[in-house]
Amino acid sequence: MNLFPRFDRFENRHIGTLGVDLAPMLKAMGLHSMDQLIDQTIPDSIRRKGDLNIPNALSEFDYLAELKQTASLNKLNKNFIGQGYYGTITPSAIARNIFHNPGWYTQYTPYQAEIAQGRLEALLNYQTMISDLTGLPIANASLLDEGTAAAEAMLMFYGEKQVKNKEESPNTFFVDANVFDQTLDVLKSRSWPKGINIIVGNALTDELPEKCFGALVQYPDKTGAVHDYSGFFKKASNAGVLTAVATDLMALCMLKSPGELGADVALGNSQRFGVPIGFGGPHAAFFATKEDFKRDLPGRIIGVSIDQYGNRALRMALQTREQHIRREKATSNICTAQALLAIMSSMYAVYHGPIGLKAIAKRIHDMTCSIHNALKKLSYSFYSDSFFDTLSIESDTDSISKIKKLALENSCNFWYTNNAIQISLDETTTEKDLETIIAIFSKAKNQNSFSAEVSTSICIPGNLIRTSDYLTHDIFNIYQTESTLMRYIKRLENKDLSLVHSMISLGSCTMKLNAATELIPVSWPEFADIHPFAPIDQTKGYQNMIADLEDYLCEITGFEACSLQPNSGAQGEFAGLLTIKAYHDSRKEKHRNIVLIPASAHGTNPASAVVAGLEVVVTACDEMGNIVVEDIRNKAIQYKDRLAALMVTYPSTHGVFETSIKEVCKIVHDNGGLVYMDGANMNAQVGLTSPAIIGADVCHLNLHKTFAIPHGGGGPGMGPICVNSKLKEFLPGHVYRFINESDKAVPAVSASPYGSASILLISYAYIKLLGPDGLTSATKHAILNANYIASRLSNKYKVLYTGEKGRVAHELILDLRPYKEIGVSAEDVAKRLMDYSFHAPTLSFPVAGTIMIEPTESENKEELDRFCNAMLQIHEEIDEVARGEFPTNNNVLCNAPHTASIITSDSYSMPYTRKKAAYPLTYLEHGMKFWPSISRVNNAHGDRNLVCTCPPIESYMNS
């Protein structure tokens, strides 16, 4: 019992329409109470009976105090583990101005380029950095982690060879034995459903297997050894085998690049460029390749184009080739990236420049050489004398046990295999660390310790020492002081609209508040500096938090078990489908490979199904956007012997709670299938209904939507899955952690055991701060806000879909197709909203020519009204065009957005006033104006003239 409750409740800070806003909003909708609205919105047959069984809400102060105690259970040993994760120094200027800055982390994916030029430039810098260091001309704007990047390379190669060799159908992928174990684990989860045969061997000595389409090596390898793979790449190329190399950006500051060696793809993790380890993530993976694959590589590419007036403009290039948009024809289900972390890594390179990076890399290498020489004096032997930052010391069981004990006594973590001890150094390593390492190995041999000495040798083969230049562009050579970097970051930030400016009402994206208290602990060293493969007894704080979060998510979904491993929503879809596939396989029903997917589904649904080795059958939706039950029934019966699953979003992608959902799920179950519920719209379910109640067997949750992880300008995200008892034993495992002790666990879907583990703290905080009542209230207010907007706009715009009682769920679709006949497009409306200082709602999804609006619970009535007023004023502007007051090809809509340079031009010649263009409503005159930095982008020009690295410095002068 709380005798002295605190006044300051997080619920009041998070939910915008509590208090005085509620009554007038209900009145505007003709309602007497919130319960009346919920009764009209959610079918009674699926309503939750009883409250969530979750601890009561904590105040922000009390939560942080409690979490400090949890954090103290994590032990901060000095990590020399390596294996793809390394200590790094995040420059304070980057931590303060990007990582901790809501102007950066609350941005959305830069689909609306005119108000996203800042992060687009930072991501273009990232691509240039990756292209330069890997020696390959095309790089994307980041992927999820190194393991999934390797899997994407394998699937890209497989797709290429399947197209070119339809009769032979090569299906074998060769993996060198010294690729990171977690990468191989992830490769297995992607190869198994596609029928790809993985052969593990020695790339330097073994012959390539028959029917081989691709190969992967590690450079430097998992033991730290540096090998010359140029001969292997040449041999593979002659055999028609495509090659990928998993590599290390810091090592490439000293090693010959993969492009120079002859690889087709280079991939890896940019974590050690200034991004904390965070118990495994989030980090930005990189992926670079040859020009031949530019239209097939997964993920996003930032390209250089021009705006409608010929000014330099950046954009997401080849947007329609984002693989998931190809639905069932996709070769990848990637729908997001790790934009925030890629931006941090790019700024790390901008800040240090090529001279600084090489100096950091050389210091790491020199220290490693010093340890190598010292241990040789102690008569230790090594598996290789060629290395960059990692030593692999030959050891027997007794030696390993003795050194491990000594290391732990000195708060050091080394990496141990059956016959070796590995030590990986990084930029955080100090001279004192070297002395400690030497002392440990000296004591193990009962010898006196001695000081480390500076090595004069380079322990890299001469033919593999890098001689080519990198990061020669001025961007990487003019911001090496903190003042210049700070101003550069701020200039970029000022070009981008984020939640610090206004509501971002993107339907199906849930751009809610990302509260400071939720985010602060992510940077605490007790969480930020923990290695994902650290001894489990050093991670008790993480383990406790993770166990609680899994319990909370199971309670919210009504399911029995949870996997936090998938590090994006699409990866959650894939993981959920894998559990279904494994379930059918365990019942000797491998032939069940049909998945039913409604036509309204997000493109990742069919893309994930294809990647999971399933065959997609699309089912119909009626004119009201609802699933056609009879079509589901007919197709379920038609494919009853092969039916694996139904993928369904609930409430629907059209923003409606369909009353037939339980019947639909029963039909699928009756015909041998299971039900996968896409959790994209869980923000309308929490506390009021659940996936288990509607009849689903598994769902994924977008923690970056419903549970407050920020979108970061296009990542990070998290997509954990929750499952019922049927599927529990099939949840993903991991090569280094018993996260699912069942021998039926599917292989890992992410490189680290808990995906992007450090940002789980954000969702954990969200739940702890709101408690059961606050979580349910948040859902109700999300529904309230959407219905309020619908009621205000329905007299002028058609709300395309509503439920049986005329209500929408947490989002609504406005039909803009009728205005096309007078020359006004949905894109015109989207761009015109920028002039009102708003980000456009979701454009032309799920219905072309519409916008989908999701206000979330975090906005107050004032902000909702401001948005509605903007939309109503835009409707008046449409009417002006319809009345012939302005030409169809020269009006405020088709010319939008209007930049400051246009409005202030001495040669302004628009047929409307400057005020009408820039200040159409009075609130814009009172400090709420956001200026787009460019005019409307010319997308066609950018695709015809693909430039994906930094252009000459002259092109920046006017940007």
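Biologist: Why is Tyr912 called buried?

Modeller: A residue is buried under 20% relative accessible area, exposed over 50% and partly exposed in between, using a 1.4 Å probe and protein chains only. Tyr912 has a relative accessible area of 4%, so it is buried. Phe886, with a relative accessibility of 16%, also counts as buried, because this value is under the limit. This is a predicted model, in which local features need pLDDT of at least 70 and side-chain atom pairs count only at pLDDT 80 or more, while totals for chains, interfaces and linings use all residues. Residues are numbered from 1 along each chain as its sequence is written, and side-chain values use heavy atoms, without hydrogens and water.

Biologist: How many aromatic pairs does the structure hold, and what makes Tyr583 and Phe730 one of them?

Modeller: There are 30 aromatic pairs. Rings of Phe, Tyr and Trp (its six-membered ring) pair if their centres lie within 6.5 Å; planes under 30 degrees apart are stacked, over 60 edge-to-face, and the rest tilted. For Tyr583 and Phe730 the centres are 6.3 Å apart and the planes stand at 85°, so the rings form an edge-to-face pair. Tyr583 is in helix α20, Phe730 is in the loop between β21 (721–723) and α25 (760–793), and 147 residues separate them. Helices (H or I, at least four residues) and strands (E, at least two) are DSSP runs, numbered from the N terminus. Both Tyr583 and Phe730 are buried.

Biologist: Why is the pair of Phe886 and Tyr912 edge-to-face?

Modeller: Their ring centres are 6.2 Å apart and their planes meet at 75°, so this pair too is edge-to-face. Phe886 belongs to the loop between α27 (861–882) and α28 (900–903), and Tyr912 to the loop between α28 and α29 (914–918), 26 residues apart.

Biologist: What makes one say that Arg272 sits over the ring of Tyr86?

Modeller: A charge sits over a ring if NZ of Lys or CZ of Arg is within 6 Å of the ring centre and within 35 degrees of the ring normal. The charged end of Arg272 is 4.0 Å from the centre of the Tyr86 ring. Arg866 lies over the face of Tyr923, at 5.6 Å from the ring centre. Both distances are within the limit.

Biologist: Where does Asn567 lie, and how do you know that it is buried?

Modeller: Asn567 is in the loop between β15 (561–563) and α20 (569–586). Its relative accessible area is 2%, so it counts as buried. Contact means heavy atoms within 4.5 Å; beyond four places in sequence, the contacts of Asn567 include Leu144, Asp145, Gly717 and Ser750.

Biologist: What makes the approach of Asn567 to Ser750 a polar contact?

Modeller: A polar contact is a pair of N or O atoms within 3.5 Å; within protein, one must be able to donate a hydrogen and the other to accept it, and residues adjacent in sequence count only if both atoms are side-chain atoms. The side chains of Asn567 and Ser750 are 3.4 Å apart in their contact, so the distance is within the limit.

Biologist: Why are β11 and β13 placed at the edges?

Modeller: Two strands pair if DSSP finds at least two bridges between them. The open sheet runs β11-β14-β13, with antiparallel pairing. β11 (390–394) and β13 (415–416) each have a single partner strand, so one side of each is left without a neighbour in the sheet. Five bridges join β11 to β14 (residues 420–424), so the two strands pair. Within β14, Ile423 stands opposite Leu391.

Biologist: Why is helix α26 described as largely enclosed?

Modeller: Nine of the 10 residues of α26 (residues 826–835) are buried, so the rest of the structure largely encloses this helix. Among the buried residues are Ala826, Val829 and Leu833. Their cover includes β24 (842–843), β25 (850–853), α27 and α29. Just after α26, Ser837 takes a positive phi of about 65°.
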